[in-house]
Structure formats: C-alpha cells, structure tokens
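Please walk through this structure, starting with its backbone and ending at its ligand.

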Amino acid sequence: MKRFAFINIPSQELERPPAAAALLSSVIRSIGWDCRIFDFNLFLNDSVDKQEWIELEQYWRCKIDIISDKTRKKLEDTFDLFQSELNQYAPDWIGISVFSRFSTVSCLELLKYLRPRINATIMIGGHGIGAWPGSLPNVEENTKYKTIADYLKEENYIDHYIVGDGEDTIKELLNGNRYPGIDGLPPVMVRDLDAVPLPSYTSIEPLKYYYTDEPGVYITMSKGCVRRCTFCNVPDLWPTFSIRDPKKLVDEIKKNKLEYQVNLTHFTDSLVNGSMKHFRQLNEHLAELKKDERFKPLKYMGQFICRTQGEQTDKDWELMHRGGANLLVTGFESFSERVRKHMGKNYSNDDIAFHFEQSAYHGIKNIALMFVGYPIETAEDHEYNKEFLYKFQKYARSGSIHMVRWGYTGMFRDAK
Ligand code: B12
Ligand code: SF4
C-alpha cells in the first residue's frame with residue numbers, strides 16, 4: 001500500500017484542526033492509499049518558546065526578512081525532529097498544504113530542508129501557491145516566475161502542484177492522470193461536493209488544538225457565491241455556486257460531536273445563507289437534532305449576507321436560533337446605500353437595522369465587516385459610516401455586535 005504524508009504548515013490558526021488535511025486525507029484513503037497527517041504548525045508550536053513563535057510568525061508573514069540565529073537554530077532542530085517522524089512513516093508521496101500567502105515562506109523553508117534529505121515525490125496545493133513569488137526571500141532569482149508554484153517546480157523543490165480545489169484533482173494525480181489544476185493546467189471546481197468522503201481527524205483531533213470557547217472544526221457547506229461584489233475574489237476562485245445536501249451536512253456535524261466532542265462548526269462558506277432554501281433546511285435539521293440533550297450545545301458560526309426583509313422574516317431568525325447560530329461574520333461594508341449599491345449589495349439601511357434587531361433578540365453575535373476608502377466613497381458617505389457606529393452602539397454594548405472590523409480592499413472587477 002502506498003503511503004502519503006500530508007503536511008500542514010504555518011501560518012495557520014491553532015484554534016482548530018487544519019481543514020484541508022482532514023478532508024484530503026480521507027480522499028487519499030478512499031483510493032486505497034494509506035495517509036498520515038503531520039501538522040508541522042502544531043509541532044513547531046510545541047517546540048519553540050513564545051518569543052521564537054512570535055518572531056517566526058513575523059517571518060512567515062513577510063514582516064521581517066531574516067530571523068535571529070537563536071530562532072534559526074531552533075527551527076533547524078525542529079526540522080530535524082520532524083524529519084525523523086516523517087522517516088519513521090517512510091512516505092512514498094508528500095503533500096504540503098499552503099493555506100494562504102502567509103504560508104509561502106514556511107513552505108520554502110521546509111522544502112529547502114526536506115528536498116535533499118527525503119526520497120519521496122513532493123506536491124504542494126492550497127490557495128497560497130498562486131501568490132506572487134516576490135514575497136519570498138531572493139526576489140531577484142524568483143520573480144522570473146509568475147507564481148510561487150511555478151518557481152518551486154522550475155527550481156526543483158517540488159515534483160507537482162495542484163491549483164484550486166483538491167478533492168478530485170489529488171485523486172487524479174495519484175492515479176497518474178492528467179487533470180485540470182495539475183502542474184499549470186487551468187483548474188476546475190470539485191465535481192460533486194456530496195460525493196466527497198467526510199473529513200477524518202485522526203492524529204489532528206480537535207481537542208488537541210487551542211480552542212477559545214468550544215472544540216470546533218471547519219466544515220464546508222458550499223463553495224462559490226451567489227453574488228459578484230466588485231471587490232471580492234470569490235467568484236474568480238469558484239465561478240459557480242455549489243452546495244451540499246443539508247441533511248448529509250447535519251449527519252457530519254452529529255458524527256463530529258459523537259466521535260470528537262466537537263460543539264462548534266465553523267463554516268468555511270463565503271455565505272452560510274447564500275441559498276435561503278438550503279439554509280432553512282440546515283437550521284431545521286439542526287433544530288431537530290438539538291432536541292436530543294446530547295446535541296444541545298451544538299452551535300455554528302460563519303460568513304453571512306444581510307438579507308432584505310422581503311427575503312426573510314423573523315421566523316427565519318427564530319429558526320436560526322434553534323439551529324444553533326452563534327456568530328455571523330457579516331459584510332455590511334458601508335452604511336452608505338450609494339456605496340453598497342456600487343459594490344453590488346442591494347439591501348437597505350432598514351434591512352441592516354432589522355438584521356441587528358433580530359440578532360440581538362435571539363442572542364446571536366455579529367462581527368461586522370466594514371470598509372474605509374472604497375474607491376467611490378466621499379466624505380458624505382463616510383458620515384454614514386459614523387452614523388452606523390452611533391446608531392448600533394447599543395448592540396455593541398449588549399454584546400450582540402462582537403466586533404466591527406474596518407478594512408480596505410482592492411477591486412477585482414467593474415473598477416470604474
Ligand atoms: C476560514 C478561513 C480563514 C480563518 C481560519 C484560517 C486558518 N485555518 O488558520 C481566518 C479568518 C483566521 C483566516 C485568515 C486568513 N485568511 Co482565510 N480563509 C478562510 C476560508 C473562508 C476557509 C478556509 C478553509 O478552511 N477552507 C476549507 C479547506 C478544506 O479548504 P482549503 O484549505 O482551501 O483547501 C482546499 C484547496 O486549497 C486545496 N488544498 C489545500 N491544501 C492542499 C494540499 C495539497 C497537497 C493539495 C493537492 C491541495 C490542497 O484542496 C482543498 C480542498 O479543495 C478561505 C476561503 C474559502 N472559502 O476557502 C479563506 C482564504 C483561504 N483566506 C485567505 C486569506 C488571504 C487569509 C489571510 C491572509 C487574511 C489576512 N489578511 O489576514 C489570513 C491568513 C491566516 C494565516 N494565519 O495565514 C484567502 C487566501 C488567498 C491567498 N492566495 O492567500 C482565502 C482563499 C479567502 C479569499 N477569498 O481570498 N482565514
Ligand atoms: S463579498 Fe460576500 S456576497 Fe459579495 S461576492 Fe464576495 S462572498 Fe459573495
């Protein structure tokens with residue numbers, strides 16, 4: 001039986017097990033391979049002290065170009081120990097998961113160490129591999145290439161890379177097939193989300209992680225988005241919206257509780273309420289499950305869109321409450337209707353007020369995502385944003401608005 005070592009690397013939250021590792025390890029096992037997950041992120045965290053960890057986080061995030069000799073030595077020692085664990089497993093293939101552009105420096109460091117020392121076929125995947133290689137050390141040498149993946153492949157640090165969704169593609173690559181997404185072929189989305197095996201948390205059990213309130217896992221209900229807001233890259237990453245059967249999803253949530261004591265589901269969806277039909281079904285099934293004492297503590301969080309009052313009623317909010325809605329990360333973006341309309345968000349300020357009123361009534365928390373400096377924003381629009389803060393301050397005081405996060409953005413389309 002072929003052996004696959006799936007490696008998770010920094011920078012990633014240590015709050016929950018890495019979702020890609022849990023999911024793709026199950027996919028790999030489904031074709032008859034053995035697969036073991038090595039969470040180097042957790043391994044490193046166990047091995048370094050707090051100061052070294054902070055310094056390394058800055059290094060991974062390209063805030064510093066070089067690390068101190070002491071931390072470098074600790075990193076090399078940790079690589080030695082990590083490699084002996086890998087050697088015991090003797091993998092035929094290694095897959096490294098590069099979560100975001102903040103994982104590219106750690107990816108290069110690990111590859112520099114492992115490549116000359118280990119005789120396995122190495123592949124990488126994850127959103128970070130499409131990043132521009134200028135973020136890595138030695139800009140002169142690597143900016144000849146368009147992406148980090150190209151750089152690593154051409155410079156022989158890796159044998160293969162997979163861009164985009166990994167569920168189908170990794171199977172095709174391991175079965176020796178050419179398939180979209182592999183080694184520079186344009187990617188396609190996963191064919192059928194309901195056909196993907198359920199994630200497995202063997203060796204990355206949720207209780208091993210540093211959860212803030214409840215042990216949790218990431219779960220994907222849908223990919224893509226039903227909107228195409230001007231500033232957002234989601235429609236480019238997943239051109240069509242696809243969603244799982246809510247019944248099967250709730251079976252997975254139930255399994256996670258029974259097998260791993262997981263109470264919190266963190267949805268990775270762009271919007272948990274992208275399809276109102278599926279969202280209602282999800283809440284109905286969860287509310288039914290939570291009638292059983294064992295499942296009462298179940299709750300969920302995820303990204304959310306503010307709906308118009310024509311698309312929802314207070315009954316929906318009551319159902320969400322019964323289904324365990326706990327924290328909604330909601331992109332209101334601006335309290336100027338003019339700005340929001342330009343972005344592609346067509347709900348009114350009254351709809352926002354309804355959203356907060358219902359959340360507060362049902363004890364559901366919100367993180368409000370807001371922008372400053374959207375390209376068409378004027379001083380007058382900014383005044384609306386100030387009004388937002390005063391108008392809804394009572395909800396922040398009562399804890400229903402958990403946080404207001406002010407960000408900025410690039411424009412992905414319709415930049416006029
Ligand atoms: C949850 C989430 C977070 C959470 C938790 C992050 C964590 N786990 O540490 C929080 C809010 C903290 C966060 C933070 C950030 N995030 Co984030 N996040 C997400 C989100 C919504 C879900 C990620 C997820 O778990 N998906 C489910 C798993 C199964 O999918 P996956 O990891 O992407 O893996 C799939 C593929 O990438 C691929 N794959 C992954 N690994 C491997 C390995 C191999 C070998 C193969 C073959 C394939 C493969 O196959 C998997 C299945 O399809 C995504 C958007 C999305 N919907 O995916 C953004 C996303 C990943 N985040 C993104 C970004 C930019 C960030 C931040 C840099 C934002 C910031 N400026 O601070 C930080 C970085 C955090 C860090 N420490 O590095 C971008 C990444 C883009 C990029 N090129 O870098 C995304 C895609 C959002 C976007 N729309 O652009 N994030
Ligand atoms: S900003 Fe939100 S609603 Fe708009 S396209 Fe992106 S994920 Fe969808």
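Where is the place of Asp 183? Asp 183 sits in the loop between helix H8 (169–174) and strand E6 (216–219). Helices (H or I, at least four residues) and strands (E, at least two) are DSSP runs, numbered from the N terminus.

This is a predicted model: local features need pLDDT of at least 70, side-chain atom pairs count only at pLDDT 80 or more, and totals for chains, interfaces and linings use all residues. Residues are numbered from 1 along each chain as its sequence is written, while chains are lettered from A and ligands numbered from 1 in the order in which they are written.

Asp 183 is not a glycine, yet its phi is positive, about 45°. Asp 183 counts as partly exposed because it has 17 C-beta neighbours inside 10 Å. A residue is buried with 20 or more other C-beta atoms within 10 Å of its own, exposed with 12 or fewer, and partly exposed in between; C-beta atoms are placed from the backbone.

Ala 90 also is not a glycine and has a positive phi, about 50°. Ala 90 lies in the loop between helix H4 (69–89) and strand E3 (93–97). It has 11 C-beta neighbours inside 10 Å, so Ala 90 counts as exposed.

Next, a cis peptide bond. It runs from Pro 10 to Ser 11, with omega near -5°. Ser 11 is in the loop between strand E1 (3–8) and helix H1 (19–29).

Now the ligand. Ligand 1 is surrounded by 33 residues (C-beta atom, placed from the backbone, within 6 Å of it). The closest are Glu 13, Gly 95, Ser 97, Gly 125 and Gly 166. H1, E3 and strand E4 (121–125) each give two or more residues to this shell. H1 has the largest share, four residues.
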